[in-house]
Amino acid sequence: MRARDNIFDKIMLAIGVLLLGMFWLQFPATPTAGEHHYASYTSASTDIAHTSKWTYLKPDKALSPHQVIDIQLRALQQNDPADSGVITLFNFSSPSNRAYLGPLKHFRLMVREPSFRPILNFKSYKTGQLVVDGKNAYQLVVVETSEGRQEAFMFILTKQRRGTYKDCWMTEGIARMETSHFTSQL
């Protein structure tokens with residue numbers, strides 16, 4: 001009986017080590033201090049300035065729609081193995097958008113789908129005129145991918161009316177657009 005328990009214990013230990021190894025491989029390595037990307041932004045008010053790692057950036061009432069879009073674009077352009085740019089995009093997603101998108105783990109996979117993959121680690125971007133209509137804001141963005149292609153996206157923001165993020169501009173959605181029509185207009 002003890003021999004059977006001893007074998008069972010060894011099997012359970014081997015399974016535990018195997019599961020720990022699989023768990024370890026599933027998550028990306030934590031970036032070193034040299035790989036952290038920091039962002040700085042200021043508002044029209046001289047007393048508000050922020051400097052933070054991308055993943056720590058959160059919506060703020062002092063940020064304009066232009067600043068919110070710029071923060072997200074810079075974070076996505078400098079996305080790292082720990083997905084700090086993607087996490088920043090998720091942080092600026094409105095509560096209703098998050099309910100639609102699901103948890104961060106699902107969102108990280110969605111951003112890598114072919115229709116949105118060009119927005120990760122792109123070379124450069126151009127923005128069209130920001131249109132603010134009451135509590136809504138729209139901005140066309142054309143990114144140049146690392147392969148040299150141009151891809152267009154429409155950022156749709158809403159100013160939150162209640163809750164933790166009341167009066168903060170947050171992303172309601174990012175729509176992929178037909179590039180050929182918009183590229184010549186920017």
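Aspartate 83 is buried, with a relative accessible area of 3%. This residue is found in the loop between α2 and α3, and its phi is near 60°, a positive value in a residue other than glycine. The values in this report come from a predicted model.

## The chain as a whole

The chain contains 6 helices and 7 strands. Read from the N terminus, its elements follow the order α-β-β-α-α-α-α-β-β-β-β-β-α. Of its 186 residues, 37% count as buried. The accessible surface of the chain comes to about 11,400 Å², and 58% of this surface belongs to carbon and sulfur atoms. Among contacts in the chain with a separation of 6 or more, 50% are between residues 24 or more positions apart.

Helix α2 covers residues 65-77, which makes 13 residues. From its first C-alpha to its last it reaches 18 Å, close to the 18 Å expected at 1.5 Å a residue. Because 10 of the 13 residues of α2 are buried, the helix is largely enclosed by the rest of the structure. The buried residues include Pro65, Gln67, Asp70 and Gln72, as well as Val68, Ile69, Leu73 and Leu76.

Helix α3 spans residues 84-91. Here 8 of the 8 residues are buried, so α3 is largely enclosed by the rest of the structure. Ser84, Gly85, Thr88 and Asn91 are among these buried residues, together with Val86, Ile87, Leu89 and Phe90.

Leaving aside neighbours within four places in sequence, valine 86 is in contact with Leu76, Asn79, Phe107, Arg108, Val111, Arg112 and Leu120. The C-alpha atoms of valine 86 and glutamine 72 are separated by 8.5 Å, the two residues being 14 residues apart along the chain. Isoleucine 87 also belongs to α3 and counts as buried at 17% relative accessibility. Its C-alpha atom is separated by 7.4 Å from that of leucine 104, 17 residues apart along the chain.

## The largest nonpolar core

In soluble globular proteins, nonpolar side chains tend to be buried together. The largest nonpolar core in this model has 25 residues, of which Leu76, Phe107, Phe155 and Leu157 touch the most other members. At least two residues of this core are supplied by each of α2, α3, α5, β5 (136-144), β6 (150-159) and β7 (169-177). The largest share, 5 residues, comes from α2.

Leucine 157 touches, among others, Pro65, Val68 and Ile69, not counting residues up to four places away in sequence. With the same exclusion, its contacts also include Lys135, Asn136 and Ala137, and Trp169, Met170, Thr171 and Glu172.

## Aromatic rings

A pair of aromatic rings is described by the distance of the centres and the angle of the planes. The count in this model comes to 3 aromatic pairs.

Another pair is formed by phenylalanine 122 and tyrosine 125; it is edge-to-face, with 5.9 Å from centre to centre and 85° between the planes.

| Residue | Relative accessible area | State |
|---|---|---|
| Phenylalanine 90 | 11% | buried |
| Phenylalanine 107 | 6% | buried |
| Phenylalanine 122 | 3% | buried |
| Tyrosine 125 | 23% | partly exposed |

## A second residue with positive phi

Asparagine 121 is found in the loop between α5 and β3 (124-127). Its phi is near 55°, a positive value in a residue other than glycine. At 35% relative accessibility, asparagine 121 counts as partly exposed, whereas aspartate 83 is buried at 3%.

Methods: Residues numbered from 1 in each chain as written. Predicted model: local features only at pLDDT ≥ 70, side-chain atom pairs only at ≥ 80, totals over all residues. Heavy atoms only, no water. Phe/Tyr/Trp six-rings, centres within 6.5 Å; stacked < 30°, edge-to-face > 60°. Helix = DSSP H or I, 4+ residues; strand = E, 2+ residues; numbered from the N terminus. Buried < 20%, exposed > 50% of the residue type's maximum accessible area, 1.4 Å probe, protein only. Contact = heavy atoms within 4.5 Å. Areas by Shrake-Rupley, 256 points an atom, 1.4 Å probe, with all protein chains shown as cover. Expected span 1.5 Å × (residues − 1). Core = buried A, V, L, I, M, F, W, Y, C linked by side-chain atoms within 4.5 Å.
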